[in-house]
Amino acid sequence: MRIAVNVNGSKYVQEVEPRLLLVDFLRDNLGLTGTKRGCDAGECGVCTVLLNGKTVRSCSVLAVEAHEGEVTTIEGIAQDGKLSILQETFWEHHAVQNGFSTPGTIMSVSELLRKNPNPSEKEVRRWLDGTLSRETGYQNIVRATLAAAERIRSTGDAASVAQPSQMLPADLIGASIKAREAPELLTGQAKFIADISLPNMLHVAILRSEQGHAFIRRLDVSQAEKMPGVVKVFTAKDVQVMPLPVVWVPPGVESHFLPHPSGMVPGSQTVMAEERVRYVGEQLAAVVAETRQQAYDALHAIVVEYEPLDVVTDAEEAVKEGAPQLHETAPNNILAASAFGDKEATLKALEEAEVVVEQRLYNQRMMQSPLEVRGAVASYDPAQEEYTLWTNTQIPYPHRLLISQYILGIPFNKLRVIVPVMGESLGCKGNVYADSPLMCVIAKALRRPVKWVDTREGYSRDTAQSRDQVQYVRIAGTKDGKVTALYCSAYSNVGAYPVINAPGQPLPLIGRSITGAYLIDHPYYEVKIVYTNKVPASPMRGSGRAEAIFLVERMIDLYARKIGMDPAEVRRKNMVPPERFPFQNGLGWVYDSGNYAAALDKALQNAGYDSAAEKKVEARKRGKLFGVGIGSYVAVAGVGRSRKMGDEGLVSGTWGSACMSVAPSGEVTVTTGSQPHGQSHETTFSQITAQELGIPLEYISVRHSDSKGALYYGQASYGSRSLSVEGIAIQKAAQKIITKIKTFAAAAFQASEEMIVYEKGTVYLKTAPDQARMTLQQAAFALWLGWDLPEGMEPGLETFAYFDPPNFNFPFGTHIAMVEVDEQTGVVDLVKYVAVDDFGTVVNPLVVEAQTHGNICLGVGQALYEEAVYDDRGRVLTDGFSTYAIPRASFLPDFELSRTVTPSPSNPIGAKGAGDVSNPPVAPAIVNAVCDALADSGIKHIEMPLKPEKIWRALQQSRV
Amino acid sequence: MISAQFEYAAPTDVHAAAALLASGNAQALSGGSSLIAELKKRRTAVSLVVDLKRIPTLSEIKVQTEERTLRIGATATFSEIFENQDIVKYCPLLAQTAGCVAYPQVRNRKSLGGCIAANDYSGEIWAALLLSGALIRIMNAEKSMRTVAATEFFRRDGRSALMKGDIITAVDIPFQDSQASTAYIKQSDPASGKTICGVGVAATVKQAGVIDRCEIAVVGATALPMRLGKAEEKLAGLPVNKENIAAVWNAVRGSLQFAEDFSATAEYRDHLTGIFLQRALMKATEENNHI
């Protein structure tokens, strides 16, 4: 039917189907892609727009309902290129990281401020409950909203703050520069994967296995192929490529991967399932149609007949005799079994110990749940025989290598990978998935560009999940609080197939990290990595260290309680003392630097730890049980020294790389080997460049996200490595640029190089600084035009630089949670959260603080709300935000952050990783706090997530 | 994205809507949040969607001074109810509960009539409807009107009083008794925001701390929203204290059917209802919470 809608002041008249949703009308029909699709189910709020002046979730409104109405989207907020007050304050307070949920959030709070020009923090948080934010958390959004309210009240004018770019270069390391990436995210101009559209493009919908374990007896696509708009339905017979590869093969470990025809690496799942499926979510068929709607409509016409097999989803069950066997090559479903540490010595220490505490812990299966799901667009150029793949991956260069070499079997140079602006990942976008090569195959077969973007329900079944480790732990020590041994026997559930780096998390990342911040003479860790009929598991923000730190921090608390000592005191007594660095932790890490007890003491002081007893008494009067919990941590970051990673089994180096070019006009372009997805690389890497070269930030642009850029190959962003590894490569590149300028200047000024000084973007002769000088721009101009260069000097001013750190870096800190438990209902209220982190030298505090908010937010989710729940047929029940609970704004208090600064000796800036390292202490701090609150009832441990009913049941049982 | 195709009509008077709804697989759309979610999941076969939001008379909110009631049109949204000064004045409980339903974007769409018709009975709005003595006005396919008390709307088998072709046109809400104090206590699922257990009370207390009369509504915990009539009877005349409330609760709880789902077990809901009954009554009476 015909509708007329006024959108952002322009009238649109269109013929639409009644079933068309407003969000699809705006995005697909009008091309207004600033409004995002997050869940398509009215749960996440990222599609929020104004309809007749009121916020609505545009995925829950029919386009026909907007007939004769007025719609305002994010594109209609900025006027004449000038940001609104809200957009300004979001920018100033760094309320935008990856920016995917930013447009919906801004639309939502714009209505709040119109209705209530002076909201309280609590009112803002309550309002924001309608809009999820995952990696950014809510704290800066709340601040930005309150600041906007104040500015509107006081001036009613969008006065913008002074640009900090005028700051002296000497201030740039450690300066809270506003994110340079933010404006396009704040205005909805940024193009994410779902916003990419190519001429003549087809759309793909993927049919996935409904069974957790079954033989496929029949797959009939004939009816689907007759549906309107359908071009072709692809099944396994149409997709003859190699299986997905695995690039982490632990040496000297008995491992049972799947075969791979390349003979170079082991294999994983096939791109399309053919005879048998092993988890709910495996790809069976792909419908290609003229429109997305037609592709999804035709999915329902495909007929699949299964012969169900027994399903196993529990890792401990899967290794038992008689369990269903997933792979012929993996007896008892074991992918690998390995150990770190001296087992006999640890057992002996346990035997001889005065005190031993035992506990089984389950670090539950989590879903990364980025608000932006995955997608892929592919095109094929028959003249060049070249594929281009657009996808939201953390690892574009490895993507190019693995898909070209190990899946499609084509030359490296025949695949270009481009990453559009990318929503958050939390680790799940650091894998190679079967859908990306599938899009390449389809694009070539049909000679047309194709696009697939996942749905929220699809995400829960086709994208790797994380954690999922059972740990049997024993801690031993003296009666006066000295820990002597820590023993862990674990089962890691990696799901039906290994992801590209499957052994990395359960082996070194957890196994070598379990000593945490402590000097423990006898640590030991053994693990069985187990296949089950669950969705494959991959790293997740906090990866590996989260499981390790949870383990040691819970055990320290249980031990402290057993010997009747203050858990803070036990920690202080066992922490690695500052004089012991570099410190070998006994499991393979060499901690670089730190003062762990200082961070602990600072956190205790900031939290008012000493007043806990009074708080307990006061809370008791209100019927609440108060508890305080500590989470101290050390997390391996800055991945890493290539040789060390190679020794762990990674089939790749992990160095950083950069290309830096100074244009004849003086502008500097930096290409990084990293891949941003919310970390503000363009800002922090510009700061490093500007600092080194002594030039204004405006002269610098940072490039990434395209494998056809200046770098031929590179690494990526993961494991809190980008700034302290890739950033250092940039610093080195700048230094190489300066060296060349100095050589050039020495020749030009006919002086020796020792007499040449480079300073603040200018090179000059020490003895004649006013006469013999040239700017960076003048030098670049002369070098590029290059008609009178000194003998032997190459023209141009650009360079490549690489950095392979001598060691990882090890950020650390202590977080403290204070909770109140309602003893009648079991509801946990997180009343105070204090964090003291040490990320070494911090380049941009604003960025790092916001990353810490995200880490805490995720940790609160794991402790209290989140778990991927499966039924006994292997089906994920938590397939949307109405069943998988990620924290909303009002669930959280204002986090109180501070830092200590211990520079790392692992790199010249002294930076330590920050992106995901402050997640690991969060969940144990909260669980320790809840267990402290419940201690008088004799409750020792409750498994995460600490849902109210679980706590209530534990309290019931304790009373029996 | 919605896979099923359907027709759409947006009549401007209620009789035309009734005629359209009498045909085939027609469904009314008012707020839309429930119906659109069902359509996306292919759970509902619909040939025609009849949008009621363009019928002006259905969205009116009127004060009927003589009857001492408010007449709230079926398509009035929760935001409109929350912000309407007449409702704030005469039925503050309804305004307050409307203001804490789900999230702002949902309140801007969700309508009172739609919520009732969609059996969306876990919401706190039902506590207000049950406590206020609300009368639901329904027009049938033959255009004749009837009213059903909110307390009678659901039958024991879980079906509602609505028949094929019925349209809820409005809800009549008596002015709130200014002598009664009210309180509402709830616990929600953190993911869906749905109420796991909500208990609302309206109570009048005599000087000596004795309950004169009280009304109790339970939502989310029991299979259907309901008044606890027996408990109301037993509590009348008793001094307000935790022991009395617990004793009454223990006497009536056995006859109730509690819901069990992904969010919580029946046992936990049973427990919460007792706790919240106590808290709501204590809160309403202790603070002499006239609203």
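The dialogue below takes up the interface, salt bridges, a helix and a hairpin.

Mentor: This is a predicted model, in which local features need pLDDT of at least 70 and side-chain atom pairs count only at pLDDT 80 or more, whereas totals for chains, interfaces and linings use all residues. Residues are numbered from 1 along each chain as its sequence is written, chains are lettered from A and ligands numbered from 1 in the order in which they are written, and side-chain values use heavy atoms, with hydrogens and water left out.

Trainee: How much area do chain A and chain B bury between them?

Mentor: The size of an interface is often given as the accessible area lost when the parts come together. Here the two chains bury about 4,000 Å² (accessible area lost, 1.4 Å probe, summed over both), and 54% of that lies on carbon and sulfur atoms. On the side of chain A, Arg19(A), Glu65(A) and Gln824(A) lose the most area to chain B, together 15% of what that side buries. In terms of contact (heavy atoms within 4.5 Å), 56 residues of chain A meet 44 residues of chain B.

Trainee: How many salt bridges cross this interface?

Mentor: A salt bridge requires a side-chain nitrogen of Lys or Arg within 4 Å of a carboxyl oxygen of Asp or Glu. The rule finds six between chain A and chain B, including Glu267(B) with Arg953(A), whose closest N and O atoms are 3.0 Å apart. Over all chains, the whole structure has 72.

Trainee: Which parts of the chain does the salt bridge between Glu866(A) and Arg134(A) link?

Mentor: The closest N and O atoms of this pair are 2.7 Å apart. Glu866(A) lies in the loop between H23 and strand E33 (895-899) of chain A, and Arg134(A) in the loop between H4 and H5, 732 residues apart. Helices (H or I, at least four residues) and strands (E, at least two) are DSSP runs, numbered from the N terminus.

Trainee: Is helix H2 of chain A mostly covered or exposed?

Mentor: Helix H2 (residues 85-92) is mostly covered, with eight of its eight residues buried. Those residues pack against H3, H5, H6 and H23 of chain A.

Trainee: How do strands E27 and E28 of chain A run?

Mentor: Two strands pair if DSSP finds at least two bridges between them. Four bridges join E27(A) to E28(A), which run antiparallel; Val757(A) has Tyr764(A) as its bridge partner. The strands form a hairpin with two residues between them, and Lys760(A) in the turn has a positive phi of about 45°.

How values were computed:
Buried means under 20% relative accessible area, exposed over 50%, partly exposed in between (1.4 Å probe, protein chains only).
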